[in-house]
Amino acid sequence: MSDHDQVKLTNMNYSKDRPKAQNPVKIMDLTLRDGHQSLFATRGRTEDMIPVAEMMDEIGFWALETWGGATFDTMHRFLNEDPWERLRTLKRYIKKTPFSMLLRAQNLVGYRNYADDVARAFVERAAANGMDVFRTFDALNDYRNFETVVPVIKSCGKHFQGCICYTMTEPRLGGEVYNLDYYVNKGKALEAMGADSICLKDMAGLIAPYDAYAIIKALKKAVKIPINLHSHFTSGMSSMSHLKAIEAGADIIDTCMSPYAYRTSHPAIEPLVMTLIGTNRDTGFDIKALAAINEILEKEICPKYRQLLDDTKLSIIDINVLLHQTPGGMLSNLVNQLREMDALDKIDQVYAELPRVRKDLGQIPLVTPTSQIVGIQTVNNVLFDDENERYKMITGQVKDLCYGLYGKTAVPINAEVQKKALKGYARGEKPITCRPAEVIEPELKKAQEEVKGLAMDLDDELIYALYPVTGKRFLQWKYGKEEVPADVKPITLEQAKARQELIQKAIAGKLVEKIEKEAPAKGDGLRKFNVFVEDTYFEVGVEEIGGAPVVSYIQPARPVAAAAPAPAPAVAPAAPAPPAKPAAAAAPAAAPVDGTPINAPMPGMIVRFDKNVGDAVSKGETVVILEAMKMENALAAPVDGTIKSINFKSSDSVPKGAVLCVIG
Ligand code: CO
């Protein structure tokens, strides 16, 4: 029987008792990782996975993706959850189905290459905590970055799935760099490394159905191990690509439960189950069991996350992917970044600059972290370059890339850009050609030393080693050494519903009820302002807390006749932080600036100051490292002098223009 022959469907039912297919398509479910990462900013909490965990274990998935990608980052940074604990907890409910994680090879679950000792310890601990399938990718498809983790995966007896990141430079498969030969050669290289399976990883939803067919057909001919297709729905093509991939012989397909499917996520499982019923690729899944899971997700879980869904557009697909061959998530990051910089009008310049930057940087695939590296540098070029000088503000990560610290690029990096980036680069001005981690000093011992007394075990130490700033903060929350902020705590379904109602009322212009919120005691620093909205006005009390002016109360004002004129504000109130973002700490307002300030050129988070108050600095020397959109920007002293004041500390968020320090 061929793929397309239908079995007799008389008395067919949907239950799993139907005749077994000869070669069922295996399914990896992504709901618990890529699904909420794609749609809900990775904010899914473990407690919201438990209600469906046992039911999902019954379906017969080849694997459940439960970890990796952005989960590790988001959990400890925004959810106050121990990432390791999620694995152990879910394992108690999911006993039959293997777990899969996305491992960014030597980047592990971070955004740079870590030292070999950290990489080995991380994989060992992931395996010990319950990971079974290590889907491993490198953003540059440079498999030297697999060399450290793969032997550890193998020695733990786990499944090594090697990825080929799918990317292109033309509107469709072909061209000089990323053609059919490229993908076949990568597949052979993975098999030679001992891969147990291969994943063609289309993170941007770029793969067209017939190109998926061609590549998978060629891979099936070239290698013996199973082939898995991972294709995001973003552009709208992936349901078709799935089907063509299955026709070409793909062994494993990635899908999501329907409430977590489509948009920038993945096609849903249910239509695929129905599509394949009666063919020799039938999944064998019980569609009613899937429906029961969906019911819970839809009613009890998703309302908590709904407001995170970007549903500002009616269309659920993003044709920008088809137009620009760049990941949708990357484009929306660029738009957000431009908006924060009040430069949204420059978006067309960004679209034009992006392919130039990518070419300069060696035509690299665009996937975390290279998509951010190329994206942020593009924005920097558009905002800061002028006709006399390109690449005026080069991020730390672009310097690392030019040095060879991420690996070998598909084509050589533009020599001029490389030279400029490496001028004064701490590791040296001559780029390396060896495996990147060979030049990274061991990091684990140092991290363990630094976090002594706070970290209780290796898992804690690894959280710190991977994310020194936010990891340390998390450990302080975890062990009660720092109060857990309200915005990282979970909300209940009732709270979620109440919030949704408020939003609906606000949209309808009916928000007249007072929001119940316990007001703090009014302090000495309280200042009153009158805010006029056409003919009515409100009296607003503003008080500084920890340096940031916050609105502490709003009440309708007394009748106009009785109102005193508003006092002129003695301090300039900081602009309110945009909603749903952590409030940026404002610079000490109107502090007298006696000297030359270093201002934040963009909103971001302080990584560290390389100088202390009283230190001498010379012009061009790095003073502060500011992280914006996960890229580190070294801000240099504009003049010679002495550091007179430092206004922030590590992990503070700062708005654009904040005076970070003053040189006198
Ligand atoms: Co993905």
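A: Gln-363 is found in the loop between helix 14 (347-360) and helix 15 (370-384). Helices (H or I, at least four residues) and strands (E, at least two) are DSSP runs, numbered from the N terminus. This is a predicted model, in which local features need pLDDT of at least 70 and side-chain atom pairs count only at pLDDT 80 or more, while totals for chains, interfaces and linings use all residues. Residues are numbered from 1 along each chain as its sequence is written, and side-chain values use heavy atoms, with hydrogens and water left out.

The phi of Gln-363 is near 50°, a positive value in a residue other than glycine. Gln-363 has a relative accessible area of 12%, so Gln-363 is buried (buried means under 20% relative accessible area, exposed over 50%, partly exposed in between, with a 1.4 Å probe and protein chains only). Ser-651 also has a positive phi without being glycine, near 80°. Its loop runs between strand 17 (641-646) and strand 18 (653-654), and Ser-651 counts as partly exposed because its relative accessibility is 24%.

Leu-422 counts as buried because its relative accessibility is 1%. Leaving out residues up to four places away in sequence, Leu-422 touches Lys-399, Cys-402, Tyr-403, Gly-428, Glu-429 and Pro-431 (contact means heavy atoms within 4.5 Å). Leu-422 and Cys-402 are 20 residues apart in sequence, and their C-alpha atoms are 7.1 Å apart in space.

Next comes the metal site. The cobalt ion has three protein donors, Asp-34 (OD), His-230 (NE2) and His-232 (NE2), lying 2.0 to 2.2 Å from it. Donors are N, O and S atoms within 2.8 Å of the metal (3.2 Å for Na, K and Ca); water is not among the atoms, so sites may look incomplete. Along the chain the cobalt donors follow the spacing D-x195-H-x1-H. Asp-34 lies in helix 1 (residues 31-39) and His-232 in the loop between strand 7 (227-231) and helix 9 (238-247), so the pair ties together parts that are 198 residues apart in sequence. Asp-34 and His-232 are both buried.

Two strands pair if DSSP finds at least two bridges between them; strand 6 (residues 197-202) and strand 7 pair in the parallel sense over five bridges. One of the residues involved is Cys-199, whose bridge partner in strand 7 is Asn-228.

Helix 8 (residues 209-222) has buried residues, among them Pro-209, Ile-215 and Leu-219. Their cover includes strand 5, helix 7, strand 6, strand 7 and helix 9.

For the whole chain, there are 21 helices and 19 strands. Buried residues make up 51% of its 664 residues.
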